[in-house]
Amino acid sequence: MDESIHDRGDFIVVAAVYCEADVQEQVVEGLLDCGFDPARDEFKSSMAMRGNPAAQELRHRLQSILRDCKIGLAVCPISERAILATHISTLLSSVDVTPETPIAAIYLDEGMKRTNAKMPRSATVTYGCDSKLVAGIQLADCAAHLVSTMLLDELGIISKTVPASSVYDGQEGEIELAWTLWASIRYALSGRKPVGEIDEYGLPEPLMNPFGLVVSDRCSDAVKAAAEKRLGTVWIGCIH
């Protein structure tokens, strides 16, 4: 788990990346393939991306790994930074995991303070992890940053576009960066329960509950609305 803090929007996004397989080797392999030394280097969302193709490729590699994971999210105001573990506890008690695959281990980045919040009984909890040693935390850093960018866009604080051809081959024009980020991880954000309307054939539309989402009551109304719009449900149907 890792967090992304944004003063401009007065919010923190905590990303809990759930993986049934060990992703340590995948992250290390990605670092090596992009020219980084895993013993010394790591992915940080604060890395300069412009003019840095190695960092851009590493971010792309981590996004690809995230597609095979699930992402639970907690959103709170910056004033609650000291109690992030409390929100994490609430999040982990509600994530959409199956009884056959309970949470077995939890790794929290070294910036997260320990509290008395109860964690799942099935799990071994490790606080203060070095993300170079527990490489999965780098995935959580990436996920938290992607979601934060989506929320900043929804709040109108940033507005960035990318060439549409980066998503759709041959298409001209620009497309919202936040939309492309959501599209890249939407299956990871999705839970198992359909929440859409039933069509004329008796089938639910492909609108799903989130894998896990907790929004603090102390968030501003604007942040609450942005989180609900962007993250409250997940469309997994056709987007082309």
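Reader: How many of the nine residues of helix α3 (residues 84-92) are buried?

Author: Happy to start there! This is a predicted model, in which local features need pLDDT of at least 70 and side-chain atom pairs count only at pLDDT 80 or more, while totals for chains, interfaces and linings use all residues. Residues are numbered from 1 along each chain as its sequence is written, and side-chain values use heavy atoms, with hydrogens and water left out. Helix α3 is largely enclosed by the rest of the structure, because its buried residues (under 20% relative accessible area; exposed is over 50%, partly exposed in between, with a 1.4 Å probe and protein chains only) number seven.

Reader: Which residues of α3 are buried?

Author: Helices (H or I, at least four residues) and strands (E, at least two) are DSSP runs, numbered from the N terminus. Among the elements that cover the buried residues of α3 are β1 (2-6), β3 (70-76) and β5 (124-129). The buried residues themselves are L84, A85, H87, I88, S89, L91 and L92.

Reader: In what order do the three strands of the open sheet come?

Author: Strands of a sheet pair through backbone hydrogen bonds, either parallel or antiparallel. Here the pairing is antiparallel, and two strands count as paired if DSSP finds at least two bridges between them. β8 (190-194) and β11 (234-235) stand at the edges with a single partner strand each, so one side of each has no neighbour in the sheet. The order is β8-β9-β11.

Reader: Which residue stands opposite V234 in β11?

Author: Look at strand β9 (residues 207-210), which pairs with β11 in the antiparallel sense over two bridges. Helix α5 (residues 177-189) lies across β8, β9 and β11. The residue opposite V234 is M208.

Reader: At what angle do the axes of α4 and α6 cross?

Author: Two packed helices are described by the angle between their axes and the distance between the axes. Axes are lines fitted to C-alpha atoms, for helices over the stretch in contact, and angles run from 0 to 180 degrees between N-to-C directions. The axes of α4 and α6 come within 9 Å of each other, and they cross at roughly 115°.

Reader: Which residues of α6 make the contact with α4?

Author: Contact means heavy atoms within 4.5 Å. From α4, the residues taking part are V147, M150, L151, D153 and E154. On the α6 side they are A226, A227, K229, R230 and L231.

Reader: How far apart in sequence are the parts that E154 and K229 tie together?

Author: Side chains of opposite charge can pair when their charged atoms come close. E154 and K229 meet in a salt bridge at 3.3 Å, N to O; the term means a side-chain nitrogen of Lys or Arg within 4 Å of a carboxyl oxygen of Asp or Glu. E154 lies in helix α4 (residues 136-154) and K229 in helix α6 (residues 221-231), so the parts they tie together are apart in sequence by 75 residues.

Reader: Is K229 buried or exposed?

Author: K229 belongs to a network of salt bridges that also links D153, E154 and R230. For K229 the relative accessible area is 62%, so K229 is exposed.

Reader: Which residue forms a salt bridge with R61?

Author: The structure holds nine salt bridges. In this one, the closest N and O atoms are 3.1 Å apart. R61 sits in helix α2 (residues 53-66) and its partner in helix α1 (residues 24-33), 28 residues apart. That partner is D33.
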